[in-house]
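Subject: Structure for you to look at

Hi,

Here is the structure I promised to pass on, with the sequence alongside. My notes follow below, so please open the model while you read.

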Protein chains: 2
Amino acid sequence: MKVVVLFSGGKDSALASILLEPFFDVELATFAFGPYDTDNAAKGAAEVLNLPHRTIVFDDEVLEEALGMLLSAGYPRDGLNHLHRRALEVLSQDAEFVADGTKREDRVPMMTPDGIRSLEDRKKVHYIRPLAGYGSKTINALASSYMDFETLNSEVRPASDFEVGLRMALEERYGQEAVARIFPAHHMHTRVIRRKRI
Amino acid sequence: MKVVVLFSGGKDSALASILLEPFFDVELATFAFGPYDTDNAAKGAAEVLNLPHRTIVFDDEVLEEALGMLLSAGYPRDGLNHLHRRALEVLSQDAEFVADGTKREDRVPMMTPDGIRSLEDRKKVHYIRPLAGYGSKTINALASSYMDFETLNSEVRPASDFEVGLRMALEERYGQEAVARIFPAHHMHTRVIRRKRI
């Protein structure tokens, strides 16, 4: 059975993949916006994990939809949730099982129970959140057993999550001031740099 | 790292154990009330799974607390949640990691977010719900790949979950009428009868 995991190159989606690996053929997938090659961090992390990886470029209108949500809300939540849902929908087109690295304490991005039911029914897909029943402390303990990872500020683009591409698009069109207004300062991301056990 | 899994002998707690097995030393634990040897189904299922198992007998007052809740509410929810929380507290006394087989769609028994935080902080324990991010359809697909199980009516005591002991105590003290008033009729339980892959 194959599962496609929405993968940023960070600790959480990497651990989700490791937890699925004994039971599924795991494939990693990272989303990017057309103009930006934000998938490099995830590509590198996938190599480190020794798992197959592909990059999927969102349709152009998806970036416009998400930017519209960011600008009208003034905060990133709705836009990030929108991208997460769209990404899972795209993955569901050619997979029986899709997964992500969202965990027990996560608030954004997060599928609602209704959203999950809708995705699974419309797309005939099984959606799995391997970390949904794990707290942050447990995840840190497990992740440290299986990987080395570094924690870096969003501004140096350490990971390939949706935030990186949204920040680049906002900066290009509206300047650094718009980025600073919408995204929190000093937001940290993790990046996997070594797998400790196979 | 050792994890103790709250185990009924049914499909869900068995699959939770199988999902943890590549990453932890898994030990299964089943709770019983003093007067009733309701742990036989779980013992047999643990043998089938080839995982170490122990039975823990609740302190006498725990049965009284749960029966009180059942009788005053007229439905089993509060009593089942109480037993679930007490069982996890007992397991947490001598384990760093504790787990159960509760899944995405489950409503009872279920720890609240506040209850989870309280358990983890007071007992210095990591509480894991391996199936929290899996829907019923996904669980059935995975469980069928790894186990044969049968589905039987509660009345024939197929599993070792809390309901079986509560039904026995209610019947002994208040008659079958009390059982029928509080518990739903035709409630089905699963029991693992064979492990398909190691």
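In this predicted model, S2(A), helix H2 (residues 40-49) of chain A and S3(A) form a right-handed β-α-β unit. Right-handed here says that, with the strands pointing away from the viewer, the path from the first strand over the helix to the second runs clockwise. Helices (H or I, at least four residues) and strands (E, at least two) are DSSP runs, numbered from the N terminus. S2(A) and strand S3 (residues 53-57) of chain A pair in the parallel sense through five bridges, and A:Ala29 has A:Arg54 as its bridge partner in S3(A). Strands count as paired if DSSP finds at least two bridges between them.

Strand S1 (residues 2-6) of chain A also pairs with S2(A) in the parallel sense, again over five bridges. The chain gets from S1(A) to S2(A) through helix H1 (residues 11-20) of chain A, and this β-α-β crossover is right-handed too. Seven of the eight residues of strand S2 (residues 25-32) of chain A are buried, so the strand is largely enclosed by the rest of the structure. For accessibility, buried is under 20% relative accessible area, exposed is over 50%, and partly exposed is in between (1.4 Å probe, protein chains only).

Now to the two chains.

The largest pocket holds about 1,300 Å³ of space. Of its 44 lining residues, the closest to the centre are A:Arg104, A:Arg129, A:Ala132, B:Arg129 and B:Ala132. Helix H5 (113-123) and helix H6 (136-146) of chain A, and helix H5 (113-123) and helix H6 (136-146) of chain B, each give at least two residues to the lining. A pocket is an open set of points on a 1 Å grid over the protein atoms alone, where a 1.4 Å probe fits, with protein on both sides within 12 Å along at least five of seven lines; lining residues have an atom within 4 Å of a point. The volume is the space filled by probe spheres set on the points, which are joined across faces, edges and corners.

A few backbone details are worth a look. A cis peptide bond joins A:Val108 and A:Pro109, with omega about -10°, and A:Pro109 sits in the loop between strand S4 (97-99) and H5 of chain A. In chain B, a cis peptide bond joins B:Val108 and B:Pro109. A:Lys124 is not a glycine, yet its phi is positive, near 50°; A:Lys124 is exposed at 68% relative accessibility. A:His186 also has a positive phi, about 55°, and is exposed at 65%.

On conventions, residues are numbered from 1 along each chain as its sequence is written, and chains are lettered from A and ligands numbered from 1 in the order in which they are written. Local features need pLDDT of at least 70, side-chain atom pairs count only at pLDDT 80 or more, and totals for chains, interfaces and linings use all residues, while side-chain values use heavy atoms, leaving out hydrogens and water.

Best wishes
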